[in-house]
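Open the model in your viewer and get ready to click through it. We'll hop from one selection to the next.

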Amino acid sequence: MKNQKILVLEDHPLISMVIEDVCKDMAPHAQIHVATSLVQAREHLFEKPDLIIFDLTLVDSKGQETIEWLDSMFPKVCGLIYTGFVSEGIRARAAQSGYSVVEKTCSQSALAHEIEAVLFKSGILNGSSSDSVPANEHQSNIVAYPGAKPLTWRQVEIMRMTAEGLSAKMVAQRIGLSPETVRGHIREIFKRLEVSNKAQAVNVFLKAERSVKMKLND
């Protein structure tokens, strides 16, 4: 397997850590480099990353200008725009360069799915790779206790909505799954969290999620 590289271009440290975490989970064999500006991105010019995940608002560039700069520096490199600033013009310009676009208002699960898609598109993951796993089954860092099987990103998304008080039917409507599929996820969540009811699951999940956030902020 060749030495594959991912360039994360993001000036918010917490957001770049989330992106790094998802990428490391899905493609542990790939090298991940983080840059906070186009000036820093130029330092990786001769390394030619296989994938660039970037924001449009940086200290030295904003909006469509960012796309044009990266398009000129890294022509034909697969890219994912992860930003809070999206317009039809931006989407059209991104499409010209073959970049995917996802808004920062999306859930972490949705971000993981978008990253999964561009990892396959870039060739970092492929259908026969031992590093790839079935869709919706990428593991998060949420675990009930050390050594336990972590929840998948889809299960994390379901548990967050369950913790808000949504029923399985309401969760299903929000994320476009059948109620029975959601209930199947919940049964698997109970096994991974080693609980027997929804109240226990919410309690263990929230504690595990807080633990992860505390580690990120250390």
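Predicted model: local features only at pLDDT ≥ 70, side-chain atom pairs only at ≥ 80, totals over all residues.

Which residue in E6 stands opposite Ile-52? Select Ile-52 and look across: Gly-79 is its opposite number.

Residues are numbered from 1 along each chain as its sequence is written, and side-chain values use heavy atoms, with hydrogens and water left out.

Now select 51-54 (strand E3) and 78-83 (strand E6): they run parallel, joined by four bridges. Strands here are DSSP E runs of at least two residues, helices are H or I runs of at least four, both numbered from the N terminus, and two strands pair if DSSP finds at least two bridges between them.

Stay on E6. Six of its six residues are buried, meaning under 20% relative accessible area with a 1.4 Å probe, protein chains only. Cys-78, Leu-80 and Tyr-82 point one way, while Gly-79, Ile-81 and Thr-83 point the other.

On E6's other pairing, with E7, you'll find four bridges in the parallel sense, and Tyr-82 stands opposite Val-102 there.

Finally, zoom out to the open five-stranded sheet, ordered E2-E1-E3-E6-E7 with parallel pairing. E2 (31-35) and E7 (100-103) stand at the edges with a single partner strand each, so one side of each has no neighbour in the sheet.

How values were computed. Buried < 20%, exposed > 50% of the residue type's maximum accessible area, 1.4 Å probe, protein only.
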